[in-house]
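This report covers a helix pair, a residue and the overall layout of a protein chain. The sequence and structure come first.

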Amino acid sequence: MQCPSCDSKKQMKSEVIVHKFKESGLDNIILNGVKQYRCLECGEVLFDYGNLNQLNTLIADTLLRKKELLTGQEIRFLRTHIGYSSEMFAKILGLDKTSLSRIENNRSKVSNQVNMAVRLAVAGKMADRNYDFHDLIIALENEDLISFKQAQFKASTKGSWQLLAG
Ligand SMILES: [Zn+2]
């Protein structure tokens with residue numbers, strides 16, 4: 001690949017790296033197997049996430065099955081993944097827009113009611129989901145949900161992602 005930012009004719013240097021996926025708006029997602037391209041002339045860095053759509057869906061699915069309460073950042077990730085505006089999502093949750101904004105910015109605590117309502121609203125909109133709200137309740141009672149502070153994903157050679165470890 002040639003650099004899109006300068007007129008260097010050299011190929012960008014490519015490397016497979018472990019990458020903290022801050023571009024998602026989350027600070028607890030580690031990606032194992034991102035392709036990084038670096039321009040040796042101007043220093044421009046590009047990342048190739050492979051199947052980004054599948055990765056985002058997998059992260060959303062993992063968050064829905066997270067044992068602990070969702071964080072504000074995770075709620076924002078799920079809302080935008082599904083494509084809800086903050087106005088619409090606030091209405092669905094029975095909150096005003098300011099309250100939702102405070103929750104997403106970690107300025108208000110996430111209550112268990114909000115945590116569950118977010119999961120229900122998002123789960124109902126996931127395509128090809130392998131997640132069911134009733135199953136979540138059972139899993140919560142059996143304590144077999146995914147517990148994590150940080151989630152790690154690994155890329156396969158075909159470019160699709162899998163959950164490596166919670
Ligand atoms: Zn360059």
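## Helix 1 against helix 2

The axes of helix 1 and helix 2 (residues 72–82) come within 10 Å of each other and cross at roughly 130°. Axes here are lines fitted to C-alpha atoms, for helices over the stretch in contact, with angles from 0 to 180 degrees between N-to-C directions. Helices (H or I, at least four residues) and strands (E, at least two) are DSSP runs numbered from the N terminus. Helix 1 and helix 2 are therefore oblique to each other; angles under 35 degrees count as roughly parallel, over 145 as roughly antiparallel, 65 to 115 as roughly perpendicular and the rest as oblique.

From helix 1, Asn56, Ala60 and Leu63 meet Glu74, Phe77, Leu78 and His81 of helix 2. The residues of this contact divide into 4 nonpolar, 2 polar and 1 charged. Ala, Val, Leu, Ile, Met, Phe, Trp, Tyr, Cys and Pro count as nonpolar, Asp, Glu, Lys and Arg as charged, and the others, Gly among them, as polar. Two residues are in contact if their C-beta atoms, placed from the backbone, lie within 7 Å.

## Basis of the model

This is a predicted model: local features need pLDDT of at least 70, side-chain atom pairs count only at pLDDT 80 or more, and totals for chains, interfaces and linings use all residues. Residues are numbered from 1 along each chain as its sequence is written.

## Leu55

Leu55 is placed in helix 1 (residues 52–64). Leu55 counts as buried because it has 22 C-beta neighbours inside 10 Å. The cut-offs are 20 or more other C-beta atoms within 10 Å for buried, 12 or fewer for exposed, and partly exposed in between, with C-beta atoms placed from the backbone.

Apart from neighbours within four places in sequence, Leu55 is in contact with Tyr49, Phe153 and Trp161. Leu55 and Lys154 are 99 residues apart along the chain, and their C-alpha atoms are separated by 9.7 Å.

## Domains and chain

The protein chain is divided into domain 1 (1–51 + 149–166) and domain 2 (67–145), with bounds from an automatic or database domain assignment. The C-alpha centres of domain 1 and domain 2 lie 28 Å apart. Their contact takes 4 residues from domain 1 and 4 residues from domain 2.

The protein chain has 6 helices and 5 strands, in the sequence pattern β-β-β-α-α-α-α-α-α-β-β. Its C-alpha trace spans about 55 × 35 × 25 Å along the principal axes. Of the 166 residues in the protein chain, 20% are buried.
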